[in-house]
Amino acid sequence: MKLSLKDYRNSLMGCWVGKNIGGTFGAPLEWIRGLNDISFYQQELDGNPLPNDDLDIQLVWLIAMEEKGIGINARTLGDYWMHFVTPHWAEYGNAKANMKAGLMPPLSGTANNPFKDSCGAYIRSEIWACVAPAAPERAVRYAYEDAIIDHGNGEGVYGEVFCAAFQSAAFVEKDINTLIDIGLSYIPEDCAVARAIKLVREMQSAGNTWLETRDAILTNFLGGFHFSVSEDDVKKGFGEGRVGWEVPSNVAICILGLLYGGGDFSKTMKVTVNCGEDTDCTAATVGAMLGIIQGYDRIPEEWIKPIGNGLKTMCLNLGELWPVPKDIMNLSERVEKLAHQVIAGYRLPVELSDQPTDYDAEMVKGLFAGEKIKKIYDYSNGPVYKFDFFDVYVDYGEEGAVIDHEGTKKIRLKIFNTYSMPEMLNIRWYPADGFEVQPAKEMRAFMQHNFTHMMPTDFFHGTKEVEFELKAEGAVAATNRFVIEITVEGKATVMMVPIILLSRIY
């Protein structure tokens, strides 16, 4: 399909300005549980937006792609996170602590992290939609790599994936309900984020007011994090919830704002923020969504004038991170350059063109998730290492990269032949001192060729699964490092896969 550069740029500017508007509007009421009653900015503004971590991290991702290329993955993003993202709160800090201990994504987002179902990921989805406009599958793959850094196998991942798919599709599809369907197609239908979104749609379709829908969200999906709670909400039973389980309710509030706002920017902002909860994040996400759908030209000037088109940061290591975009225009120009690279590099079915946007009802089918993309969630128990012709998934199981004091641990390797040639692999463990590897330290594996692009049958899937058991012969060290060497018979290919086991943490 063709997406006109004029339309793309209008939506791109609308995205970032809408993000700044929502973040600034909602900031004074962040994490105050209760019904609010505001209709415009509450601060004295000097022509600049308030700083917001929602946008800050996306500036890091922009620079990471500029420096390391469009094939960015969770491990590289994690390195940038460690160097340039300064906060240590909640999932941000827990992920850092895990990465310092040697745990790579998604283990960094799962281990010791009660906040893996919270809001830190969905708030930074826009960059992926903007570099992959009208290509939600590609946006989702980026968003997944991003979210697993600090949300591992949690609901936080589904929140970001949903938003990235919605926002990418919004560059061409403008119907909010269709966009919700597209976003839902990329996440498990029974996950809490999906169920919370569906509840909002059911309530709105049944004629309930936004106030009733807001209360239904908190009744069914009550998170526990807040700075204070209104007396009315205490009486409703909203005083205590599950700390770290905030993303289902807050993504649902975003959808509430869009549906009850009816396409009116001001009304959408007010309804969203007046629901309470994580108001800077919900309003910023809704502002970005509506900004993409309607474009910069349709954002009321009264909302833009007080904050302008500048950028302010709050949680970046600016002494070493360079060059950070100086304003929304500069940010948009740099994102557009990356979008051209992503579209060409991944041969996406969209063309940024000087001609008018060419999109019709038939093309909407291509925006929904296919079966292949849904498999990304199958690999949430450990990292996937990608080599030229093989991918290797290390499955640590539900327990993660932990070995108990009895000293045994099962590790499953799933190896994918990504090329159309059968190969014989040699697998060799280099274990930590004092460990035995069963059934053997060395083995061979025959890899069938991969013809799934031509013949989608089970026989030609080119995969092999091998399970090993590691057993400590003595006391278990605090940190235990292993290496698996995989070579290809008759070739110089050597693939090194790191394994780490931490002793059980109390």
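Modeller: One term before we start: buried means under 20% relative accessible area, exposed means over 50%, and partly exposed lies in between, with a 1.4 Å probe and protein chains only. This is a predicted model, where local features need pLDDT of at least 70, side-chain atom pairs count only at pLDDT 80 or more, and totals for chains, interfaces and linings use all residues. Residues are numbered from 1 along each chain as its sequence is written, and side-chain values use heavy atoms, with hydrogens and water left out.

Biologist: Thanks! How many helices and strands does the protein chain have?
Modeller: The protein chain has 17 helices and 14 strands. Those are DSSP runs numbered from the N terminus: H or I of at least four residues for helices, E of at least two for strands.

Biologist: And how compact is the protein chain?
Modeller: As compact as a globular protein of that length, because its radius of gyration is 24 Å, close to the 23 Å that the globule rule gives for 506 residues. The radius is taken over C-alpha atoms, and the rule is 2.2 Å times the number of residues to the power 0.38. Along its principal axes, the C-alpha trace spans about 70 × 55 × 50 Å.

Biologist: What share of the residues is buried?
Modeller: Buried residues are 57% of the 506 in the protein chain. Also, among contacts (heavy atoms within 4.5 Å) with a separation of 6 or more, 72% are between residues 24 or more positions apart.

Biologist: Let's look inside. Which residues touch the most other members of the largest nonpolar core?
Modeller: Trp16, Ile21, Trp61, Trp128, Phe162, Ile187 and Val335 do, in a core of 131 residues. Helix α13, residues 247–261, gives the most to this core, with 10 residues. A nonpolar core here is a set of buried Ala, Val, Leu, Ile, Met, Phe, Trp, Tyr and Cys residues joined through side-chain atoms within 4.5 Å.

Biologist: What is isoleucine 187 in contact with?
Modeller: Leaving aside neighbours within four places in sequence, isoleucine 187 contacts Tyr158, Val161, Phe162, Val193, Ala194 and Tyr377. Another core lies apart from the largest one, with 35 residues that include Val394, Tyr396, Ile411 and Ile484.

Biologist: Switching to charges. How many salt bridges are there in the whole structure?
Modeller: A search finds 23 salt bridges. Each is a side-chain nitrogen of Lys or Arg within 4 Å of a carboxyl oxygen of Asp or Glu. Side chains of opposite charge can pair when their charged atoms come close.

Biologist: Can you show me a couple?
Modeller: Glutamate 137 and arginine 141 meet in one, at 3.5 Å from N to O. They are 4 residues apart in helix α7 (residues 136–151), so about one helical turn separates them. Glutamate 137 is partly exposed at 32% relative accessibility, and arginine 141 is partly exposed at 25%. Lysine 374 and glutamate 371 also form a salt bridge, at 3.6 Å from N to O. Lysine 374 is partly exposed at 34%, while glutamate 371 counts as exposed at 60%.

Biologist: What about aspartate 54, is it buried or exposed?
Modeller: Aspartate 54 is buried yet has no salt bridge, with the nearest side chain of opposite charge, lysine 19, 4.3 Å away. For that search Lys and Arg count as positive, Asp and Glu as negative, and His and the chain ends are not counted. Aspartate 54 sits in helix α2, residues 53–68.

Biologist: Last one: how many disulfides are there?
Modeller: The count is 0 disulfides, a disulfide being a pair of cysteine sulfur atoms within 2.5 Å. The sulfur of cysteine 15 is 3.8 Å from the closest cysteine sulfur, in cysteine 130, so they are too far apart for a bond. Cysteine 15 is buried, at 0% relative accessibility.
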